[in-house]
Amino acid sequence: MQKHIFACAKERWREKNGRDIMKNKKTDFTSECETLLASGLVHPWLRDSAIGNSRRIDSTTSVIGHDIKTIIKDVDINHTRRNEEKQRLFGRRILLLGGEGRLGKRWKEAMQSEGAEVISVDNTVSADITYNIMYSAKNRKKKVGKVDGMVNAAVNNPPPTQEENETDWLNQFDLLYAIRNILVGYGNEWIENNTKASVVLIGSDLALIGPSPDLYYDRHMKPDHYTAVKHATVGIMRHYAMLWAKNNIRVNCLCPGAVRTSCDEEFAERLKKKVPMGRLAEETEYDKALIFLLSDDSSYMTGNILTIDGGRTCW
């Protein structure tokens, strides 16, 4: 085993220095051996002797019956495997509704960085799956397959207008009803197959409070159907969290506050005054909260709201 380490150290030194180390019988390979040992892939009892002996390695040191490049490749593979095991969503398949929105794209990358396979659903050409496919259980099974996690970031978020009509309300709640059906469809599959799963529904600070009229004195207020559908999202979360808790299916809600890049500077300055922390969120500040809710880090959490809003809703 020590010889393997020495040989790998030689190969690494040769690649860095570009000359034949076999001619130098007193080359110090300590740093190269320490790099290999620090990876955690070598048994601790070899550590002291390996580093000690590496200070003088002559040309007689060799690896009998092994190819040096193969050894290095094996070290790299094992190191990758150890890193994968540390990823909190490694091996998970997660359905992301609204995956092509501003935060949806951000969260897709965040989940992938933790080892998840993410299936993005949206009505854009860049999405993996479109909504019309998701509305059919048969198509879901064929096109998406099994998943063990779901995030809903989809919402109709039209610009505020003075005239609100029945169509706006129907469109808003038609989408919520469709999402509910997708959730229930997968929930039934998870129960039938005894699958452990985690669901995160994205709410808003307006799922907990109403909009502040003094923010909108020179512009139209956020439409009431947006506030209503976000409150309804919390209700759906609590209903199915209660219903599925004994089946090891967790359902929680992430309620983010306003993001700095989502509004113009003038409105952002007004909104900051409503936030105790005195600023709006950066897009990256919700990533770890989402991973927490999806992963086993929150294994005893269901039916709850995780609010990240700089303190706005505590006033």
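Modeller: In strand S4, Ala 197, Val 199 and Leu 201 point to one side, while Ser 198, Val 200 and Ile 202 point to the other, and all of them are buried. The model is a predicted one. S4 is thus described as mostly covered, with six of its six residues buried.

The strand has a partner on either hand of this account. With strand S3 (residues 149–152), S4 pairs in the parallel sense over four bridges. Within S4, Val 199 is the bridge partner of Met 150. S4 also pairs with S5, again in the parallel sense, over six bridges. Here Val 251 of S5 is the bridge partner of Val 199. From S4 the chain crosses through H9 to S5, and this β-α-β crossover is right-handed.

H9 covers residues 224–244, 21 residues in total, and it reaches 31 Å from its first C-alpha to its last, close to the 30 Å expected at 1.5 Å a residue. Its buried residues include Tyr 226, Val 229, Val 234, Ile 236, Met 237, Tyr 240 and Trp 244, and also Lys 230. The buried residues of H9 pack against helix H8 (166–192), S4 itself (197–202), strand S5 (249–256) and strand S6 (305–308).

In general, nonpolar side chains of soluble globular proteins tend to be buried together.

Beyond its neighbours within four places in sequence, Leu 95 is in contact with residues including Ile 119, Val 121, Met 134, Val 144, Met 150, Ile 182 and Tyr 186.

The loop that leaves S4 also makes a link. The rings of Tyr 216 and Phe 267 have centres 5.5 Å apart and planes at 45°, so the pair counts as tilted. Because Tyr 216 lies in the loop between S4 and H9 and Phe 267 lies in helix H10 (residues 265–272), this pair ties together parts that are 51 residues apart in sequence. Tyr 216 and Phe 267 are both buried.

Thr 302 and Val 199 are 103 residues apart in sequence, yet 9.2 Å apart in space, C-alpha to C-alpha. Thr 302 is located in the loop between helix H11 (287–294) and S6. Because its relative accessible area is 28%, Thr 302 is partly exposed. Leaving aside its neighbours within four places in sequence, Thr 302 is in contact with Ala 241, Ala 245, Ile 249, Arg 250, Val 251 and Asn 252. Val 251, in turn, is the bridge partner of Val 199 in S5.

Notes. Residues numbered from 1 in each chain as written. Predicted model: local features only at pLDDT ≥ 70, side-chain atom pairs only at ≥ 80, totals over all residues. Heavy atoms only, no water. Helix = DSSP H or I, 4+ residues; strand = E, 2+ residues; numbered from the N terminus. Expected span 1.5 Å × (residues − 1). Buried < 20%, exposed > 50% of the residue type's maximum accessible area, 1.4 Å probe, protein only. Contact = heavy atoms within 4.5 Å. Pairing = 2+ DSSP bridges. Right-handed = clockwise from strand over helix to strand, strands pointing away. Phe/Tyr/Trp six-rings, centres within 6.5 Å; stacked < 30°, edge-to-face > 60°.
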